Amino acid sequence: MMKTVLISGANRGIGLETAKQFSKIGYTVFLGSRNYENGLKAAEELRNAGYDNIIAVAFDIRDPQSLNDAYQNMLQYSPSLDALINNAGIRGQQPQPPATVDIDIIKDIFDTNLFGAIRLTQAMMPLLKNSENPRIVNVSSELASLTLHDNQEWEFYEFKDAGYGPSKTALNAFTVMLAYQLRDSAFRVNAVDPGYTATEFNGFKGTGDVSDAAKLILKYATLDKSGPTGQFVSKHGQLPW
C-alpha cells in the first residue's frame, strides 16, 4: 500500500515544497489548505509539473467540524496516515511588544499555532494509529528556544515578540508531552525548525531555501524505528529548549 502524508498549510511556501518532496519518494500527499480553491489550484499545478498522487484537502485547523470532514474525506483514499506535518501557522500582527500588545493578537496566534496543531493531531490520530510507523512533525522555530533567548550573542536575541515565539515554545512542550504519551508505540514525534527560510510568510526576508527546509522536515517524517522522538531539532542538530 502506498504511504500517505498530510501537510497542513501546503498550498504555498515550505508546505508546498514539502508536498513536492514527498511526492518524489512515492507518497500519496494530502495537500491541506484552509481555502479549498487555493488547495485545488496548488494540487493541479503540482500535477501539471509531474508530481503524482496529490490530493487537495480543505480544512480550517480552528474548526473541529472541518477537521472531521477532512478525516472522512481522507478515509475514502486510505485507511491509514503515515505522516502528519503540522506546518500551518501565522506570525500574527506585528509588532508584539509584551507590555502593550493586545491580548487578542496573542490569542489569535495561539489558536492557530498551538491549538490548531493539537486539534489536527487529535483529529487524525485514528488514521495515524493504523500506520505501522506513524510520524508527526510539528514545524517549530528557533524563536521557541528560551535558552537561546537568554544568549545575547544569538543572532535573533532582540526578537522578543509576545505571540509568535511563545506559541512555538508551547508547541514544543506539546511535542514533548505527546511523544511521552506515545513512547511505548511505533510513533515518532518531533519539533523541527526549518530555519529562517525565504517565503511569503516573512516577506521573503529569510536566508534559507525552501528545498532545504522541506528536506529537513522530510527527514524527520520518515525516520526509521530507531529514530529519535520528543526532540527539538534544526539542520544543525538538536536545539536547546
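Which are the buried residues of α7? In this predicted model, they are Tyr164, Gly165, Ser167, Lys168, Leu171, Asn172, Phe174, Thr175, Leu178 and Ala179.

## Helix α7 and its surroundings

Helix α7 runs over residues 164–181, which makes 18 residues in total. From its first C-alpha to its last it reaches 26 Å, and this is close to the 26 Å expected at 1.5 Å a residue.

The cover over the buried residues of α7 comes from several parts of the chain, and it includes the helices α4 (103–113) and α5 (115–129). Strands also take part, among them β5 (135–139), β6 (188–192) and β7 (232–234).

## The chain as a whole

The chain is built with eight helices and eight strands. Its radius of gyration is 17 Å, close to the 18 Å that the globule rule gives for 241 residues, and therefore the chain is as compact as a globular protein of that length. Taken along the principal axes, the box filled by the C-alpha atoms is roughly 50 × 40 × 35 Å.

Of the 241 residues, 51% count as buried, while the chain exposes about 11900 Å², of which carbon and sulfur atoms supply 49%.

## Pro134, between α5 and β5

Pro134 is placed in the loop between α5 and β5, two elements that are also among those covering the buried residues of α7. Its relative accessible area is 2%, and because a residue under 20% is called buried, Pro134 counts as buried.

Leaving aside residues up to four places away in sequence, Pro134 touches Asp82, Leu128, Ala186, Phe187 and Arg188. Pro134 and Val5 are 129 residues apart in sequence, yet their C-alpha atoms are 9.8 Å apart in space.

## Two details of the backbone

A cis peptide bond, with omega of about -5°, joins Gln94 and Pro95. Pro95 lies in the loop between β4 (83–86) and α4, and α4 is one of the helices that cover the buried residues of α7.

Asn53 is not a glycine, although it has a positive phi of about 55°. Asn53 sits in the loop between α2 (36–48) and β3 (54–58), and at 36% relative accessibility it counts as partly exposed, whereas Pro134 is buried.

Technical notes: Residues are numbered from 1 along each chain as its sequence is written. This is a predicted model: local features need pLDDT of at least 70, side-chain atom pairs count only at pLDDT 80 or more; totals for chains, interfaces and linings use all residues. Side-chain values use heavy atoms; hydrogens and water are left out. Helices (H or I, at least four residues) and strands (E, at least two) are DSSP runs, numbered from the N terminus. The radius of gyration is taken over C-alpha atoms; the globule rule is 2.2 Å times the number of residues to the power 0.38. Buried means under 20% relative accessible area, exposed over 50%, partly exposed in between (1.4 Å probe, protein chains only). Accessible areas come from the Shrake-Rupley method with a 1.4 Å probe; for residues, only the protein chains shown count as cover. The expected span of a helix is 1.5 Å times one less than its number of residues. Contact means heavy atoms within 4.5 Å.
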